Amino acid sequence: MPRVSVGRRRLLNALVLTGSTLAAVTGLAVLVWILADVGIKGAGAVRWSFFTNLPTPPGMSGGGLGNAILGTLVMTVTAAALAVPVGILAGTYLAEFGRGGRFAAVVRLLSDILVSAPSIVVGVFVYLVLVRPMGHFSAWAGAAALAIIMLPVVVRTTEEMLLLVPNAMREAALAMGAPYWKMMFRVIFRASRAGIVTGVMLAVARVAGETAPLLFTSLNAPYWMHGMNEPTANLTVTIFNYAMSPYEDWHALAWGAALLITLSVLIVTTGARLAMRGGGTR
Amino acid sequence: MGGALSRFRSGGDTGFRLLTWCFAASVVALFTLLTVVLWNESLPALRTFGARFLVSTEWNPVRERFGAGIAIMGTLVTTGIAMLVAVPLSLGIAIFLSELAPHRLRTPIGAAVELLAAVPSIVYGMWGLFVVAPLMADTVQPWLGAHLGFLPFFRGPAMGVGMLTAGLILALMIVPYIASVSRDVFLMTPRELKEAGYGLGCTTWEIIRDIVIPHGRKGVMGAVFLGMGRALGETMAVTFVIGNAYHLSWSLFAPGNSIASILANEFTEADGDVYLSSLIGLSLVLFLITFLILGAGQLWLRSLSGGKEA
């Protein structure tokens with residue numbers, strides 16, 4: 001090793017540590033910057049009519065995004081209803097029967113890849129298998145796309161949470177003569193309920209802010225939804241359309257929608273994380 | 001009686017096991033179906049244009065001539081800029097969180113950085129268009145042009161939207177992923193090794209350079225690849241600020257297009273089978289690239305935790 005004076009080593013050390021601290025400050029500053037901009041520009045648009053009214057043509061005041069808020073809620077809940085049961089059972093296989101198995105390893109790897117796979121590709125896929133055969137855009141297609149994005153998240157969180165349940169509990173239940181499925185539903189799922197619920201909340205928060213998979217599936221609409229079989233308004237695609245438009249009052253509504261979606265996602269995410277930390281499963 | 005009961009029980013258990021197996025297999029089925037459908041639907045374009053589809057820079061809906069060249073270039077360039085900015089920034093944050101920060105502050109600061117990942121991408125896009133792009137046009141790009149204008153990358157009109165802005169927004173979006181995984185990897189460094197280093201009189205930086213980073217090398221590579229996979233496929237943030245133009249330029253100020261932004265803008269407007277098929281071909285290319293990058297990242301991370309458990 002070359003001989004370097006203590007002074008230069010200390011100087012280099014100080015430089016690197018300062019740089020590292022600055023990096024952390026930058027990260028925090030960006031977070032504050034985004035949240036402040038969204039908060040300041042969005043707060044003006046959020047009033048009662050924002051939640052209850054339909055959008056108005058540019059130039060007319062009093063418009064709201066009630067239909068988009070409803071559409072986002074309905075599609076997110078539907079997506080969760082589709083993805084959560086499938087994801088929990090698949091995660092159960094990985095945690096209970098697939099420890100060390102090759103098939104389970106493949107499922108794990110594919111899930112982890114799908115978690116980060118481009119969501120717009122999922123939109124293209126759902127367009128091809130649902131929208132085109134049905135002949136129209138629909139809330140079902142939007143929910144299906146969101147469900148596909150949620151699924152791998154739910155699978156992996158369920159597995160993690162089930163693995164946190166001590167084996168002694170499984171052995172105790174089995175020793176009492178319970179069949180495996182009964183042990184799962186009566187003991188293991190109950191023991192890991194808090195963890196699985198928070199994992200599902202994190203997954204819901206993630207898809208609630210997704211835009212790309214909805215562009216070609218639910219599309220958007222300027223009216224209230226009457227059913228799941230028609231193009232459906234939603235907050236994120238509305239933000240996209242309004243922000244790209246040349247009208248100032250539409251920009252204002254888009255900032256309001258951005259504030260609403262960001263706040264909801266951050267509140268659910270932070271709440272779920274705090275619950276996970278204090279939940280006692282760990 | 002006992003025999004009947006145990007047969008009933010083992011039947012129920014086999015059924016339960018089979019049921020969960022089916023749902024686990026649905027993940028594999030979904031993945032396979034996705035690949036097969038994209039492949040089938042992009043066949044018309046691949047048949048028409050052959051391998052030239054991947055390299056041709058022509059994208060002409062009127063004459064129905066399509067090539068993925070510009071889209072792939074745009075995707076790679078914006079991702080490249082994002083990685084150049086995000087990797088040093090993320091590693092800095094990870095080092096701060098694992099080695100420097102006071103213990104009381106580590107959890108809240110780490111959580112705040114991870115919150116950056118929870119902000120929806122559409123919000124990044126909108127913020128990039130209305131806040132960052134004007135800042136780039138008025139301040140950053142003129143400054144870069146004045147000081148680094150001898151490089152071809154920093155020439156041309158400062159429009160705000162373009163490759164550089166898209167890359168910077170992407171960088172901010174992937175920092176939380178790279179930083180949090182790297183921090184976890186750094187925290188896995190055995191205490192004894194670090195203490196031995198300090199006992200020999202090493203500075204903190206020397207410990208990081210010679211012990212923490214080599215020990216977590218695979219994990220950091222995995223984290224970087226995960227971030228890269230995210231950047232490649234990110235759609236909304238890029239679509240807002242990339243400028244949507246179909247020409248190649250050395251200048252990073254110039255507007256461009258990425259695979260994801262072309263899909264977002266044109267997919268619902270595609271008339272004609274070849275046009276639609278070409279767009280699906282683009283999404284197949286994107287899916288395959290991210291699959292390889294994310295797969296490599298996952299395998300690196302896996303070899304790390306596998307080694308630790310074994």
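This is a predicted model: local features need pLDDT of at least 70, side-chain atom pairs count only at pLDDT 80 or more; totals for chains, interfaces and linings use all residues.
If we look at which residues of chain B contribute, B:Phe16, B:Met126 and B:Trp127 supply 9% of the area that chain B buries against chain A, which is more than any other three residues. Counted by contacts, the interface brings 79 residues of chain B together with 83 residues of chain A.

What about the polar side of this interface? There are 4 salt bridges between the two chains, B and A, and one of these pairs B:Arg302 with A:Asp112, where the closest N and O atoms lie 2.3 Å apart. Residue pairs in polar contact across the same interface of chain B and chain A number 12, with both residues at pLDDT 80 or more. On the side of chain B that touches chain A, helix α1 of chain B, residues 2–49, provides the largest share, with 21 residues, and that side as a whole divides into 53 nonpolar, 17 polar and 9 charged residues.

Finally, a word on one helix of chain A, namely α11, which spans residues 235–244 and is mostly covered, with 8 of its 10 residues buried. The buried residues of α11 are A:Leu235, A:Thr236, A:Val237, A:Thr238, A:Ile239 and A:Phe240, together with A:Tyr242 and A:Ala243.

How values were computed. Residues are numbered from 1 along each chain as its sequence is written. Chains are lettered from A and ligands numbered from 1 in the order in which they are written. Side-chain values use heavy atoms; hydrogens and water are left out. Buried means under 20% relative accessible area, exposed over 50%, partly exposed in between (1.4 Å probe, protein chains only). Helices (H or I, at least four residues) and strands (E, at least two) are DSSP runs, numbered from the N terminus. Contact means heavy atoms within 4.5 Å. Buried area is the accessible area (1.4 Å probe) that two parts lose on being put together, summed over both. A salt bridge is a side-chain nitrogen of Lys or Arg within 4 Å of a carboxyl oxygen of Asp or Glu. A polar contact is a pair of N or O atoms within 3.5 Å; within protein, one must be able to donate a hydrogen and the other to accept it, and residues adjacent in sequence count only if both atoms are side-chain atoms. Ala, Val, Leu, Ile, Met, Phe, Trp, Tyr, Cys and Pro count as nonpolar, Asp, Glu, Lys and Arg as charged, and the others, Gly among them, as polar.
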